[in-house]
Amino acid sequence: MNTFVKYIQNFFALFLLLMVVRQLIPNGRLKKYIYFFTELVFVIGILQPFFSLFGDDADLLDKIRYETFTENLSEASRDVSRMEFLQNDYYRKEYEDAAALDVLSTADGYLDPFGLAGKRASVELTENYEVKKIVLTVEEKEEDDTEGMFVEQGKAQGSKVVLDGLKQKLMQYYGVEEEQIQISYGGER
């Protein structure tokens, strides 16, 4: 009896909802199609208890969930295949560019007190995204850019000492060997 009362309540709620929807529709070309749709929903609502005679609702929902899951799984598999294809070149290049910017930033932070600045950097990565090679070009800052008391000290020490210190810092920071870092001063090695 309780299920019958619940069915009647659901039936009247559906009926009221569809009547409200029908009243909100302005007169126009689509009115007959919307009426057809609401009548179709209403008939399905009435016949819903009879549909349960043909099969269990839980089995139908499980089948729908399984079908949705397998569809999503196949989409994910296709996406992974596409990503692996594109990842080999595109993502490595993006990471190399980001690492080069980081190298320039690190170099500028170290070289700034000595009146030097990083001009350009490039980083080459392995297939496992580990640093394979770092190439950095360093130059003197423009005269109006140089400030600080260590500028003259840096020039007095010579660029070789400063660049060796930078190489040590990059070796520690990126965990690479000395042979993997190439630093040139003003275009020279």
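Val5 lies in helix H1 (residues 2-24); helices (H or I, at least four residues) and strands (E, at least two) are DSSP runs numbered from the N terminus. The model is predicted: local features need pLDDT of at least 70, side-chain atom pairs count only at pLDDT 80 or more, and totals for chains, interfaces and linings use all residues. Residues are numbered from 1 along each chain as its sequence is written, and side-chain values use heavy atoms, without hydrogens or water.

Val5 is partly exposed, at 37% relative accessible area (buried is under 20%, exposed over 50%, partly exposed in between; 1.4 Å probe, protein chains only).

Strands E1 (residues 116-125) and E2 (residues 131-140) pair in the antiparallel sense over 9 bridges; pairing requires at least two DSSP bridges between two strands. Glu124 has Lys133 in E2 as its bridge partner. The two strands form a hairpin with 5 residues between them. In the turn, Tyr129 has a positive phi of about 60 degrees. E2 also pairs with E3 (residues 181-185), in the parallel sense over 5 bridges. Here Thr137 stands opposite Ser184 in E3.

The count of salt bridges is 4 (a side-chain nitrogen of Lys or Arg within 4 Å of a carboxyl oxygen of Asp or Glu). Asp112 bridges to Lys141, with the closest N and O atoms 2.0 Å apart. This pair links distant parts of the chain, 29 residues apart: Asp112 is in the loop between H3 and E1, Lys141 in the loop between E2 and helix H4 (150-157). In helix H5 (residues 159-174), Asp164 and Lys160 lie 4 residues apart, about one turn. Their side chains meet at 3.5 Å, N to O. Lys160 is exposed at 58%, whereas Asp164 is partly exposed at 34%.
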